[in-house]
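Dear colleague,

Please find the structure below, handed over for your use. My notes on what was found in it follow directly after.

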Amino acid sequence: MSTTFDELIVRPLLHSLSSCQDNNAFYIEGCFYSYRDMAEAISKIRAVIKNIPEVNVGLVANDDIETYASIFALWLEGKCYVPLHPEQPIQRCLDIVSQVGMNYILDSSEASRYKDIQVIMTHYLSFDKLCLEYTDNFSDDTLAYILFTSGSTGKPKGVPLSRGNVAGFVDAFYAMDIKLDSNDHCLQMFDLTFDLSVQSYLIPLLVGACVYTVSPKRIKYEAVFELLDEENLTFALMVPSVIHYLRPYMDEIDAPSMRYSLFCGEALPLDDTECWSRCVPNARIDNVYGPTENTIYCTDYIFNREGENKESNGVLSIGKSMKGTQTIIVDEKNEILAANEKGELCLAGMQLTPGYWNNPDKNQEAFFLKDGTRFYRTGDICTMDSDGDILYFGRKDSQVKIQGFRIELSEIECVARKFYDNSIAVVAIPLYDNNRNCTIQLVVESTDRASADTLTNYLKEYLPPYMIPQRIHFLERFPLNVNNKIDRKKITTLL
Amino acid sequence: MDKQQIMTELNTIFCQVLNKTSLELCEETSAKDVDGWNSLTNMQIISDAEKHFNIRFKLREIIKMKNVGELCDTILNKVSI
């Protein structure tokens, strides 16, 4: 079977659009949209973007039919979308626009916040005729999307994924033996700036199923439960924090319709999973893992309801590599370690990004060749047992995950230092409460407490909401360790 | 206890959880209007309100409450039983 983007994604999607016209494709903010509605929205947008000379196009990541239709209109034209979050600071979004060098943005908002750039207001376009022909054969090296993640140098870094990468993911997904059809009700709880959204909207549409989105205006775990309770979801990829937050109420949750319940984006606690398994008695539960750099996810562990599960420190195994991905655990010299030895997890294969966008230094650091194969260093410290199952132990750098969002603490520190003209030291510290919930605390080496509010406002100009520290603390002097470096552990104990 | 008193006491809980010195909640205020009111702080607010008013919310009650006014009404119902 062919594993090209055209065969695995374009053709099945066009088939859904033409043969499932009366089926629901999306449920957004309480409204259903059929595949016919979707086909019309794709057609009206496609008619306009045909004239765009560039491949990379910005997309304001709203939660509506035009935004999803824009993705497919762009793909049918061999173009690549770059999502721009509507709630993130305009400075950050403009930095992304400038890094990619984009001249066009698709925006479904009523009024756009982008000026001095060509904005196509997709909501106001009118439908003329269906435009779903597809005769082109775009190379699988063509980019499908570029996502920007937290960067340690204070600027977001771009991760481009090709059509071949996405096809590699879909091929690997099918090999997981998850069988969906047009009757399935599938959850899409992620912002489009987060790559788990791609699995969540794409896989259901390839089989003519319905995608149920979560409004960005809602508290996520509440909105997810509401859909679960009222819309009989059958397939859901979620971040583990959703069930962690639902934990006190699990005796009220009964979702027998759920057939596949997948988790990704952060460590999955075994005790939360065991409780959750009773809420979804008929579901297969999978813990999947993967960085944006290796397209959505690439390892899988199936939770065993009846017996033992592989875990470390109460965190469920992330399982074995999926089809097309090669996983190795290496030491500092890139030598492959023996089974059960701790080292850095590295990934290679069909799903691996061609490299960070215009960032040769970072590419040099994050990718390496081993026996002719290009590998990516994930920064995740793991072991692999003799069965090939991987256990996660932590990060080797200062990256943390909050509700699945990747946060480089140094990016927050970099912006905060700029506020003080690089004259005052700051540290961002992840703090965990008794329920393992993580918040970011910023500590400033100063006694000028009056600057807290203006500093917070400054951070909000440059950082997305999930990176804003919950509290700012002031210390007259930072404690130093034996190497005369700032002692973060000691600071943590002082908070 | 009346709705206004509940609102005043909730205001204090919100300020503590969201680490704000002042906050003017009104009946229409919802998560999208308040900086820092997210999944985690929402859990903390609900949990602190349960302890403060000595009540217990059902999950289905929580998801139906779309703003602070509805939260006050739900609390008022529970404390008057």
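In this predicted model, the buried residues of helix α9 of chain A are covered by elements that include α8 (240–246), β13 (284–289) and β16 (315–316) of chain A. The helix itself spans residues 270–279, and its buried residues are Asp272(A), Thr273(A), Trp276(A) and Cys279(A). Viewed down the axis of α9(A), these buried residues lie within an arc of 105°, so they line one face of the helix. An α-helix has 3.6 residues a turn, so residues three or four places apart point the same way. Asp271(A) and Arg278(A), on the other side of α9(A), are exposed.

The axes of α11 (residues 409–419) and α12 (residues 452–462) of chain A come within 10 Å and cross at roughly 125°, which makes α11(A) oblique to α12(A). The crossing in which α11(A) passes α12(A) is right-handed. On the side of α11(A), the contact is made by Val415(A), Ala416(A) and Phe419(A), and α12(A) contributes Leu455(A), Tyr458(A), Leu459(A) and Tyr462(A). By class, the residues of this contact are 7 nonpolar, with no polar and no charged ones.

Finally, the two chains touch each other: 12 residues of chain B are in contact with 16 residues of chain A. On the side of chain B that touches chain A, α2 (39–53) and α3 (59–64) of chain B each supply at least two residues. The residues on that side of chain B comprise 6 nonpolar, 3 polar and 3 charged.

With kind regards

How values were computed:
Residues numbered from 1 in each chain as written. Chains lettered and ligands numbered in written order. Predicted model: local features only at pLDDT ≥ 70, side-chain atom pairs only at ≥ 80, totals over all residues. Contact = placed C-beta atoms within 7 Å. Helix = DSSP H or I, 4+ residues; strand = E, 2+ residues; numbered from the N terminus. Nonpolar A, V, L, I, M, F, W, Y, C, P; charged D, E, K, R; others polar. Buried ≥ 20, exposed ≤ 12 C-beta atoms within 10 Å, placed from the backbone. Arc of directions from axis to C-beta. Axes fitted to C-alpha atoms, helices over the stretch in contact; angles between N-to-C directions. Parallel < 35°, antiparallel > 145°, perpendicular 65-115°, else oblique. Left-handed = near helix turned anticlockwise from the far one by under 90°.
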